[in-house]
Amino acid sequence: MAGTLYLVPTPIGNLGDISYRAVQTLAQADFIAAEDTRVSLRLLNHLELKKPLVSYHEHNKQESGPRILERLLGGESCALVTDAGSPAISDPGEDLVRLCAEHAVAVCAIPGPCAAITALSVSALPTRRFCFEGFLPAKGKERRTLLAALKTERRTMIFYEAPHRLQDTLASLMEAFGPDRPISLCRELTKLHEQILRLTLGEAVAFYEQNDPRGEYVLIVQGASEQDEPGTSLADAVALAKRLEQAGLRKKEAARQAAEQTGLAKNAIYAGLLAEAPEP
Ligand code: SAM
C-alpha cells in the first residue's frame, strides 16, 4: 500500500509556532522533503529530531518530485516542509501535491502557520472576502496587465513581496489603484521586529522613499469601492446616442437620453455625435 505525503507547516519566524501535531508528523515520517535542507536541519535540531532529508525545491522539482513519488508508491511516508509557512502556498509544494493526486497517493495537510493568513487577520482591512495573489510578476508588462485586471477587484488582495522589490511593487500598485487605496504592510510577522503599517498607497510610497525596506513583507490591499468601478466611456455613450438617433431621435434628444442613461455630460456626447456625423 502506498504511503502518505504530509504537508507540514513550519514557523514563519517564531519557533514556538510549530504545532504539536506538526512535530509528531515529522517524528513519524520515514523521510522529510525540504526546500532548503540547511534551514530544515536547524529546525529539526531545535526539535531534537533526526530524520533522513531529501531536497525538493523550485530548481530540482522535475527530478526530485518523481523520486519522492516512487518512494511513496513503495509504501514510505514523507513529510514535506518548506523554508517557512505552509507547503504548497507560493512554493513548489504545489507541484508535488498535484503529482501525488495524479497517482492516487494520499496527501494530508496539517494546519499551521501561513504568512498570508497571519497578515490578513492583523491587517484591519475587510477579511470576509479576499483573494491571494502571491508574488506579482517581475516583468513590467505582465505586472501591468495583471494589476489592470485587479483594478476593480472588490475583495481584499494579498501579495507577497521580497524587500528588494518592495519600492517597485508599491509604485506599481499606486499606479494601478491610485494613491488613496488603503494598504497594510505586514513586516517580519511573528519575529522580534514585527511591524504593521496601515497606510494608503501614496503614504506607503512616500514612507519607503525615506526608509529602506527590511525583512519579509506581506501586503494587504483593500479591494475597490463602488467609485473605482469603471463607468461608461464617452465613446460608449456616443455610440448609444448614435443608435438612438438612428432609431429616429434628433441629435440633441439622443444626446440628452444617452446622458441620462450613462451619467456623462450631454454636451460632450452631443459634440461626439457631431464629430462623427458625415460632412454635409
Ligand atoms: N509558504 C509560505 C507561507 O505559507 O506563507 C510562503 C512562502 S513564500 C516563498 C515567502 C514569502 O512569504 C515571503 O517573500 C514573504 O512575502 C512571506 N513571508 C514569509 N514569512 C514572513 C514573515 N515572517 N513576515 C512577513 N512575510 C513573510
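1. A residue is called buried here when its relative accessible area is under 20%, and exposed when that area is over 50%. The model under review is predicted. With that cut-off, the buried residues of helix H10 are Ala-254, Ala-255, Ala-258, Ala-259 and Thr-262. Seen down the axis of H10, these residues fall within an arc of 135°, so they line one face of the helix. The face turned away from that buried side carries the exposed residues Lys-252, Glu-260 and Gln-261.

2. The length of H10 checks out. Helix H10 runs over residues 251–262, and at 1.5 Å a residue its 12 residues should span 16 Å. The C-alpha atoms at its ends are 16 Å apart, which agrees. Cover for the buried residues of H10 includes helix H9 (234–246) and helix H11 (266–276). Gly-263 follows the helix, with a positive phi near 80°.

3. Next, helix H7. It covers residues 166–177. Its 12 residues should span 16 Å at 1.5 Å a residue, and the end C-alpha atoms are 16 Å apart, in agreement. Buried in H7 are Leu-166, Thr-169, Leu-170, Ser-172, Leu-173, Ala-176 and Phe-177. They cover an arc of only 160° around the axis, which puts them on the same side of H7. Asp-168 and Glu-175 are exposed on the face turned away from the buried side.

4. What lies over the buried side of H7? The cover includes helix H6 (140–150), strand S7 (156–161), S8, helix H8 (201–210) and S10. Just after H7, Gly-178 takes a positive phi of about 90°.

5. Helix H4 (residues 93–102) has the buried residues Gly-93, Leu-96, Leu-99 and Cys-100. Around the axis they cover an arc of only 120°, which puts them on the same side of H4. Ala-101 and Glu-102 are exposed on the other side. The buried residues pack against strand S1 (4–7), H3, strand S4 (78–81) and strand S5 (106–109). Ala-104 follows H4 and has a positive phi, near 55°.

6. Pro-66 deserves a look. This proline is found in helix H3 (residues 61–73). Leaving aside neighbours within four places in sequence, Pro-66 is in contact with Lys-61 and Leu-99. Leu-99 is also one of the buried residues of H4. Pro-66 and Leu-96 are 30 residues apart along the chain, and their C-alpha atoms are separated by 8.5 Å.

7. Most residues other than glycine have a negative phi. Glu-48 has a positive phi near 55°. This residue is in the loop between helix H2 (37–46) and strand S3 (53–55). Its relative accessible area is 73%, so Glu-48 is exposed. Glu-188 has a positive phi near 50°. The loop that holds Glu-188 lies between strand S8 (182–187) and strand S9 (195–200). Is Glu-188 buried or exposed? Its relative accessible area is 15%, so Glu-188 is buried.

8. Ile-220 sits in strand S10 (residues 217–221). At 0% relative accessibility, Ile-220 counts as buried. Not counting residues up to four places away in sequence, Ile-220 touches Ala-116, Ala-119, Leu-120, Ser-123, Leu-125, Thr-156, Met-157, Ile-158, Pro-182, Ile-183, Ser-184 and Cys-186. His-103 is elsewhere: the C-alpha atoms of Ile-220 and His-103 are 36 Å apart in space, with 117 residues of separation in sequence.

9. Now the ligand. Which of the 19 residues around the ligand come nearest? They are Ile-12, Ser-86, Ala-115, Tyr-160 and Tyr-217. An N or O atom in the side chain of Tyr-160 is 2.8 Å from an oxygen atom of the ligand. Backbone atoms also take part. A backbone N or O atom of Ile-89 lies 2.9 Å from a ligand nitrogen atom. For Leu-189, a backbone N or O atom lies 2.9 Å from a nitrogen atom of the ligand. Taken alone the ligand exposes 570 Å², and the protein buries 90% of that.

Terms used
Residues are numbered from 1 along each chain as its sequence is written. This is a predicted model: local features need pLDDT of at least 70, side-chain atom pairs count only at pLDDT 80 or more; totals for chains, interfaces and linings use all residues. Side-chain values use heavy atoms; hydrogens and water are left out. Helices (H or I, at least four residues) and strands (E, at least two) are DSSP runs, numbered from the N terminus. The expected span of a helix is 1.5 Å times one less than its number of residues. Buried means under 20% relative accessible area, exposed over 50%, partly exposed in between (1.4 Å probe, protein chains only). The arc is that of the directions from the helix axis to the C-beta atoms. Contact means heavy atoms within 4.5 Å. A residue is near a molecule or strand if one of its heavy atoms lies within 4 Å of it. A polar contact is a pair of N or O atoms within 3.5 Å; within protein, one must be able to donate a hydrogen and the other to accept it, and residues adjacent in sequence count only if both atoms are side-chain atoms. Accessible areas come from the Shrake-Rupley method with a 1.4 Å probe; for residues, only the protein chains shown count as cover.
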